[in-house]
Amino acid sequence: MNISGFDNLEQVGEGGMAVVWKAHQVSLDRDVAIKILKAELSSDPEEVADFTCEAKAAASLKHPNIIQVYDAAEQEGVYYFVMEYIAGQTVAQLLENGPMHWKKVTQIGLAIAEALEYAWSKVNLIHRDIKPGNIMFDDDGTIKLADLGLAKRLDTDSLAEQIQIRKLEGTPNYMSPEQARCKSKLDFRSDMYSLGATMYHMVTGKLPFEEYQPMEVLDMHTE
């Protein structure tokens with residue numbers, strides 16, 4: 001993988017839509033993360049639009065607990081955006097060692113709640129996929145909210161015009177009831193529900209409804 005202006009690309013993550021690489025930005029002499037839309041999706045206008053929307057939404061937010069997006073571009077059919085590189089672990093990785101102390105969970109919960117409140121108050125943005133894998137620690141201990149891949153921004157001129165979800169999106173074990181029901185009307189309360197489910201996982205070391213299959217989990221959230 002070669003992108004002009006960046007050296008030493010090393011893959012550090014992969015999701016359903018994109019691959020994340022660590023790279024060195026030559027012009028500013030700094031390490032960054034580059035999120036690249038998968039090749040099989042780059043020819044789909046809808047996928048490209050969703051990817052571009054994510055970059056724009058993330059770039060509009062400047063908060064100490066949200067990973068900062070620096071730039072978005074396209075190079076020879078490769079769509080990508082450049083963002084702050086976080087050297088530390090995710091909460092999901094920490095949970096591999098078992099439950100977390102309640103004081104640490106409270107600290108994380110407050111930081112993410114502040115980030116979500118900021119995103120909602122600034123641009124009416126909801127994340128829609130709050131979970132341990134999307135909460136990270138920088139090498140200085142700063143808590144960061146990652147992956148706005150499912151984020152949606154509501155019409156700032158008319159909050160009555162709520163988003164229309166095209167398909168079920170999110171992670172079942174942390175999903176709010178209204179997401180599980182594929183409701184068209186969502187707001188910041190969906191993220192807060194998911195944050196609560198995430199904090200439950202952190203305190204207990206267990207997934208919410210972990211003994212059930214994914215579709216059963218959705219039913220449990222809605223009962």
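Mentor: Buried means under 20% relative accessible area, exposed over 50%, partly exposed in between (1.4 Å probe, protein chains only). This is a predicted model: local features need pLDDT of at least 70, side-chain atom pairs count only at 80 or more, and totals for chains, interfaces and linings use all residues. Numbering starts from 1 along each chain as its sequence is written, and side-chain values use heavy atoms, without hydrogens and water.

Trainee: Is Ala 111 buried or exposed?

Mentor: Ala 111 is found in helix α3 (helices are DSSP runs of H or I, at least four residues; strands are E, at least two). Its relative accessible area is 9%, so Ala 111 is buried.

Trainee: Which residues does Ala 111 touch, beyond four places away in sequence?

Mentor: Contact means heavy atoms within 4.5 Å. The C-alpha atoms of Ala 111 and Leu 145 are separated by 8.8 Å. The residues touched are Asn 65 and Ile 143.

Trainee: At what angle do α3 and α5 pack?

Mentor: Helix α3 covers residues 102–123 and α5 covers 188–204, with axes 10 Å apart. Their angle makes α3 roughly antiparallel to α5 (over 145 degrees; under 35 is roughly parallel, 65 to 115 roughly perpendicular, the rest oblique). The angle is about 165°.

Trainee: Which strands stand at the edges of the open sheet?

Mentor: The 5 strands run in the order β1-β2-β3-β5-β4, with antiparallel pairing (at least two DSSP bridges between two strands). Each edge strand has a single partner, so one side is left without a neighbour in the sheet. The edge strands are β1 (6–14) and β4 (69–75).

Trainee: Over how many bridges do β2 and β3 pair?

Mentor: β2 spans residues 18–25 and β3 spans 30–37. Ala 18 stands opposite Leu 37 in β3. The pairing is antiparallel, over 8 bridges.

How values were computed:
Axes fitted to C-alpha atoms, helices over the stretch in contact; angles between N-to-C directions.
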